[in-house]
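Reader: Hello! I would like to learn how to read a protein structure, one feature at a time. Could you walk me through this one?

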Amino acid sequence: MKFINHSMDKCNNCYKCIRACPPKAISIFDSHARIDQDRCISCGECYVACEQGALHIKNVIDHVKEAIASPQKVVVSLSPAFSSAFGVENGEQMVEALKKLGFDVVEEEAVGGDVVAKAYEDYLGSSGKKNIIASTCPSTNYLIEKYHSSLRQYMIPIVSPMIAHGRILRKKYGADSYIVYVGPCLAKKAEAREMQHRGLVKAVLTFVELEDWLKEEGIELESLEGMAFDAVGTHKGRCIPFCIDMEISKKKNFEKNVIAGVDNSEEILRSLENDELEGLFLGIASCDRGCINGTGMPKDDTSYYVRRKRMTDYNRKIKALEEEQKQEQQKEKDLNENQDPLPEVDLSKIIYDQKVELEKYSAEEINETLMVMGKSRKEDQLNCNACGYGTCHAKAESVLRGTSHVNMCLPFMRAKAESLKNVIFDNSPNAIFMVGPDLKVKEFNPSSERIFQIRAEAIKDRDISTIIPSDLFEEVLETRVNLIGRQVEYHQYGVILIVNILYLSKEGILMAIMTDVTSAEKNKKELIRVRENTLNVAQDVIDKQMRVAQEIASLLGETTAETKVTLTKLQNLVVGDRGEER
Ligand code: SF4
Ligand code: SF4
Ligand code: SF4
């Protein structure tokens, strides 16, 4: 049921998707996301969490466009949550927009919701079950089927409003009609592809996709007059399972509980598994705060409360209209008199057994992995959730399962980096120290202590001018231009240093790295002195030779000339070498 794609080039390894994924079905290796479809509950939380746009919904709009271009009748089942997603004045504007896109028929999903609500009420009154769990949210269904399979017995074996409506639409418009569900729910994409429903709802468009398509076509909802729905449901059908009439179930002492969010539902599901509760009618929406916060809602800044207000305003308006019509027509059954009677459809649903067998690891295996993660001691196990696995123990399990890597642990990597940093800082032969914008010394390594003959504790938080002139530091602070490779002699310490002062803009401090070149400079001076001595000796020899040469010029003329040439060469050589050194 793969409907989420991943772009490696956009992934920044932030692991937000893992943190958001309730069953930890997604894993990230080297910027590559992998979703284990057997574990995935199709909630779409990873897609919502990814702010980098590395996770995106597989495009189905092109298939829908092809259907529209074909002779098929293309029919929309529209989720009631559209009012909260788009804030339209009335549903008619949305109907017109959809028809402009090319859809032939637009019906409210609540048409299916009504028949499901009726079937639920019958079931509640007759099932004889200890507890009952609504099966309207596909993601919750997968959660129970995969992770709480002993509770499958409580799930209502009745299809969701989308599927019920799909079956009605197929009967109404023919088996070759192309049915598209449009709503706030990514999980519906998976539900439509379930084996038992395959081929019924041909495409599921989220409101995110619809919004993009409307933009692409330049359709502005608020500028439209509006067109009537081809069929509408009632208030009850719009908010199933929350508006189920509990009067019937009360006879059986059922108490309605509505929960939103997978994490929030875990506690009650565990209590049911432990057989601690009885008489519950449980409606769980897997999305935090319910379908109006669905994972297929437009990713904009609209707050949940604004969305909820839009929805309640719209529902109130529609409900008032319904009441008006009821009064006018006296009888509720006349409400849909303008609509054809609904075809009878089979509402049964198969509750699958998809139990995920969670791997078990021995304490020894876990402890060994924790040790590799640098977390053998209890106090090192921070359970900070930076990696996305909630606890260090769960992270170790995922490492053993092969779905994560030890390096994904932020504190582990930080400790590793810090210990490396400390090794360099403590063992460098260079003086390394930090100076704040107030020119006070912040850090001072052992080589600094040796060179400047002062203990780190004695200089920390004191002005740098306590040990050396502060002019170079002030210059870098003022200009924000790093000073690189300046040779400075600090006579008071008898040292010559190559000074580098770097401005660390993020931290707003200066880092000084100073290399002691005193010995090298001394050696260089000694070499120059030796060469100068040699030069002087050579000059003496030449001078003496010249004097002797003048005296016996006629006798030794040629030999003297050769000696002069040789000695002059030697002299040039020494002078030349010295020149290069300088
Ligand atoms: S949320 Fe997941 S997919 Fe998105 S950037 Fe972060 S690690 Fe990558
Ligand atoms: S869809 Fe839900 S369960 Fe599946 S990988 Fe994403 S967050 Fe996890
Ligand atoms: S809570 Fe609603 S939107 Fe979210 S997965 Fe369930 S049905 Fe879909």
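**Reading the structure step by step**

Author: Gladly, and let us begin with charge: the protein has 77 positive and 90 negative side chains, with the centres of the two sets 2 Å apart. Please keep in mind that this is a predicted model.

Reader: Which numbers describe the overall extent of the protein?

Author: A box around the C-alpha atoms is one way to look at extent. Along the principal axes, that box is roughly 145 × 55 × 45 Å. The radius of gyration is another way: the protein has 40 Å, whereas a compact globule of 582 residues would have one near 25 Å.

Reader: How many helices and strands are there in the secondary structure?

Author: The protein has 22 helices and 16 strands. Of the contacts between residues at least 6 apart in sequence, 67% join residues at least 24 apart.

Reader: What does the accessible surface come to, and what share of the residues is buried?

Author: The accessible surface is about 30000 Å², and carbon and sulfur atoms account for 50% of it. As for burial, 47% of the 582 residues are buried. A residue counts as buried when its relative accessible area is under 20%, and as exposed when that area is over 50%.

Reader: Can you show me how that cut-off works on cysteines, and tell me what a disulfide is?

Author: A disulfide is a covalent bond between the sulfur atoms of two cysteines. In this model, a search of the whole structure finds zero disulfides. On burial, Cys137 has 14% relative accessibility and so counts as buried. Cys185 counts as buried too, because its relative accessibility is 15%.

Reader: Where is Cys392, and which residues does it touch?

Author: Cys392 is in helix H16. Cys392 has a relative accessible area of 8%, so it is buried. Setting aside neighbours within four places in sequence, Cys392 is in contact with Leu370, Met373, Lys375, Gln381, Leu382 and Asn383.

Reader: Now for backbone angles. What should I know about phi?

Author: Most residues other than glycine have a negative phi. Two residues here are worth a look. Asn385 is not a glycine, yet its phi is positive, at about 70 degrees. Asn385 sits in the loop between helix H15 (363-372) and helix H16 (392-401). With 27% relative accessibility, Asn385 counts as partly exposed.

Reader: And what about Leu439: is it buried or exposed?

Author: Leu439 counts as buried, because its relative accessibility is 11%. Leu439 also has a positive phi, about 65 degrees, although it is not a glycine. Its place is the loop between strand E12 (431-435) and strand E13 (441-444).

Reader: Why is helix H5 described as largely enclosed by the rest of the structure?

Author: Here we count buried residues along the helix. Eight of the eleven residues of H5 (residues 91-101) are buried, so this helix is largely enclosed by the rest of the structure. Among them are Met94, Val95, Ala97 and Leu98. Just after H5, Gly102 takes a positive phi of about 120 degrees.

Reader: Which residues does Glu96 touch?

Author: Glu96 belongs to helix H5. Its relative accessibility is 14%, so Glu96 counts as buried. Not counting residues up to four places away in sequence, Glu96 touches Leu224, Glu225, Gly226 and Met227. Glu96 and Leu221 are 125 residues apart in sequence, while their C-alpha atoms are 8.4 Å apart in space.

Key:
Residues are numbered from 1 along each chain as its sequence is written. Chains are lettered from A and ligands numbered from 1 in the order in which they are written. This is a predicted model: local features need pLDDT of at least 70, side-chain atom pairs count only at pLDDT 80 or more; totals for chains, interfaces and linings use all residues. Side-chain values use heavy atoms; hydrogens and water are left out. Helices (H or I, at least four residues) and strands (E, at least two) are DSSP runs, numbered from the N terminus. The radius of gyration is taken over C-alpha atoms; the globule rule is 2.2 Å times the number of residues to the power 0.38. Buried means under 20% relative accessible area, exposed over 50%, partly exposed in between (1.4 Å probe, protein chains only). Contact means heavy atoms within 4.5 Å. Accessible areas come from the Shrake-Rupley method with a 1.4 Å probe; for residues, only the protein chains shown count as cover. Lys and Arg count as positive and Asp and Glu as negative; His and the chain ends are not counted. The place of a charge is taken as NZ of Lys, CZ of Arg, CG of Asp or CD of Glu. A disulfide is a pair of cysteine sulfur atoms within 2.5 Å.
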